[in-house]
Amino acid sequence: MTEQKRNWTGGNQESLIDVVKLTKTFEDIIAVNEISFSVDEGEIFGFLGPNGAGKTTTINILTGLSRPDSGTIVVAGLDCTKNPKAAQHLIGIVPDESNLYPELSGFDNLCFCASLYGIRKKERCERARELLQIFGLREAANRKFAGYSKGMKRKLTIAAGIIHRPQILFLDEPTTGIDVASARQIRQLISALNSNGTSIFLTTHYIEEAERLCNRIAFIVKGRIVRIDTIENLMGQTQGQHVVQFAFQTTTDKACEYIKAEFPELQCKTVSEGISIESPLPIRVGPLVRLLEDNGLEVTEAKKILPTLEDVFVKITGIEAGMMKQEKEKMKMGGNA
Amino acid sequence: MKKWIAFWNILLKDVRSYYLKPPNISWGLLFPLVWITMFFIRSGMGMDKLPDLLPGLAALSILFGTTSVLSVTVTFEKKGRSFERLLLSPISLELLMLAKTSGAIIFGTINALVPIFAAMFLADLSALNWYIFIPAIVLIAISSTFLGLFIAVSVKEVFEAQTFSNFFRFPMIFLCGLFFPIASLPIFLRPLSYALPLTYGTDILHGSMNGSNLMPFWMDFLVLSGFCVVLFYFSLRNINKKWIT
């Protein structure tokens, strides 16, 4: 399996989820503030934002675990605003923390989850075996869930979320807190699921994950959606922007001063690796290296930086993506301690 | 049909995961036997008096069995977030909670059978009206289970479930006429007795044993059923209010 985006054509599909002016407050905190969006059939829709932005609250409202203060939700043509149960047979949910039964085996957990959707015994056993095979958990089928590793727990939770073949799958931070290999495998599984026709609503704080998997992304900050667009359109934001990064033998904070004095048209900022120079015009590296070396700085590396979704995110939200990731990891570590 | 598959499997999972676990089986057997022994040692009565104690022993076995297990398991599942999985399934909250409580109702009823079986071998139960006694046992099991549910949805932590249960259970032992007639209670405590569901259950059990019921059976059954409805209604309301925020 490889991580490959499905050929989502965009715009032609029917909306599977339609959310209009959804608002939710907790006491005096506005968790979700009049957000509107739609998720098309067959797409992977990313919901990207920092900690506390309102991602999980949105998922909870959409799946029926929380009630909105105002706004409307229509899932697969069914109005779920007042009756969230209306579409629960069509959706699968994978929460940010595995919530299966620790005392049951992997196989029993899947069978039990299937039974909640009214699937008969023979069919649910077959489906459980099939999913354990697909998710590489066949060997651990009869082991108690409590004894699974974090990655295995995550995979089984995803398997439980799709046991009833939902039309839409809600994935809340599916790769947070697990090892690189498991995260990669989970991303491949998400791609495969989408290729088989399942629409996916994915929340994540890993920008590169959203970039790899999603067709469209909504950036959510402090309960408000600040931008929704396709990856291509979002990346288009950085077109025409040229970035070159310089690294030095020894750390210095003077480099930007020299550059600003000699080339005022260039934007220079200090980054962890050295300095980063931005310009709407192509940057000639030679004169810059000469200037820096004439001022006694030994340039060890000069490289052209290709724009990423992270740059777009920073540009639109003003939030440093690295900080967002660190904050989340710290919180997870704290939670696990 | 699909909903009943879910109902049956929730019940089956709970029975396997909680009620058929060795500690619970031993609790279900030992607890009533300990009550029997304790009362005999304390009262110094002979076996011929066992029928007089049977209603109290059966009711206590049900009360402690149902409230202990249900309040803890529901709080435990809520804390571990596996309860969310049930809330997200396409079955109504009413059916879901009936499935969750059915295991405890069966467990409570079986708990009551322990002193009943013991009494069948040790005493003469020929005067017992089984047609009244057994439905009363089941109804007490239902009301106690719903009380356990009400406790479970009122607390956040597992340990709180136990302490909060005792807040209801211990006054019931003394105020419901299980071992001391309500008439012998101080007059200011009597209204409290009639505000507790077990009072009506105990009255039916005593009446079916020796005809000493204070109220007509129909009234006891009606009030006890009313308690079941009210406790179940407020439990669901609490879930809707607190867990589906």
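Let's start at one residue. Asn33(A) touches Leu22(A), Thr23(A), Gly223(A) and Arg224(A), leaving aside residues up to four places away in sequence. Touching, or contact, means heavy atoms within 4.5 Å.

A word on the ground rules. This is a predicted model, where local features need pLDDT of at least 70, side-chain atom pairs count only at pLDDT 80 or more, and totals for chains, interfaces and linings use all residues. Residues are numbered from 1 along each chain as its sequence is written, chains are lettered from A and ligands numbered from 1 in the order in which they are written, and side-chain values use heavy atoms, with hydrogens and water left out.

Back to Asn33(A). Where is Asn33(A) found? In strand β2 of chain A, residues 29-40. Helices (H or I, at least four residues) and strands (E, at least two) are DSSP runs, numbered from the N terminus. Is Asn33(A) buried or exposed? Buried, because its relative accessible area is 17%. The cut-offs are these: buried is under 20% relative accessible area, exposed is over 50%, and partly exposed is in between, using a 1.4 Å probe and protein chains only.

Now chain A as a whole. Chain A has eleven helices and 14 strands. Of its 337 residues, 52% are buried. Take contacts in chain A between residues at least 6 apart in sequence: 70% of them join residues at least 24 apart. The accessible surface of chain A is about 15900 Å², and 48% of that belongs to carbon and sulfur atoms. Those areas come from the Shrake-Rupley method with a 1.4 Å probe; for residues, only the protein chains shown count as cover.

Lys21(A) has a phi near 50 degrees, a positive value in a residue other than glycine. Lys21(A) sits in strand β1 of chain A. With a relative accessible area of 48%, Lys21(A) is partly exposed. Ala76(A) also has a positive phi, near 50 degrees. Ala76(A) is in the loop between β4 (70-75) and β5 (78-79) of chain A. Its relative accessibility is 31%, so Ala76(A) counts as partly exposed.

Next, the interface. Here 30 residues of chain A are in contact with 25 residues of chain B. The two chains bury about 2600 Å² between them, 55% of it on carbon and sulfur atoms. Buried area is the accessible area (1.4 Å probe) that two parts lose on being put together, summed over both.

One residue that reaches across is Thr63(A). Thr63(A) lies in helix α1 of chain A, residues 55-63. Leaving out residues up to four places away in sequence, Thr63(A) touches Gln88(A), Ile91(A), Ile93(A), Phe170(A) and Leu88(B). Thr63(A) is buried, at 1% relative accessible area.

How many salt bridges are there between chain A and chain B? Three. A salt bridge is a side-chain nitrogen of Lys or Arg within 4 Å of a carboxyl oxygen of Asp or Glu. Why can such pairs form? Side chains of opposite charge can pair when their charged atoms come close. Over all chains, the structure holds 16 salt bridges.

Here is one. Arg81(B) and Asp96(A) meet through their side chains in a salt bridge, 3.1 Å from N to O. Arg81(B) lies in the loop between α3 (50-79) and α4 (82-87) of chain B, and Asp96(A) in the loop between β6 (91-94) and α2 of chain A, so the pair joins two chains. Both Arg81(B) and Asp96(A) are buried.

Now inside chain B. Glu77(B) forms a salt bridge with Lys13(B), with the closest N and O atoms 3.3 Å apart. This pair links distant parts of the chain: Glu77(B) is in helix α3 and Lys13(B) in helix α1 (residues 2-19), 64 residues apart. Glu77(B) and Lys13(B) are both buried.

Asp14(B) and Lys100(B) also meet in a salt bridge, at 3.0 Å, N to O. Asp14(B) is in helix α1 of chain B and Lys100(B) in helix α5 (residues 93-122), 86 residues apart. Asp14(B) is buried, at 2% relative accessible area. Lys100(B) is buried too, at 1%. Salt bridges that share partners join Glu103(A), Lys13(B), Asp14(B), Glu77(B) and Lys100(B) into one network.

That's the tour.
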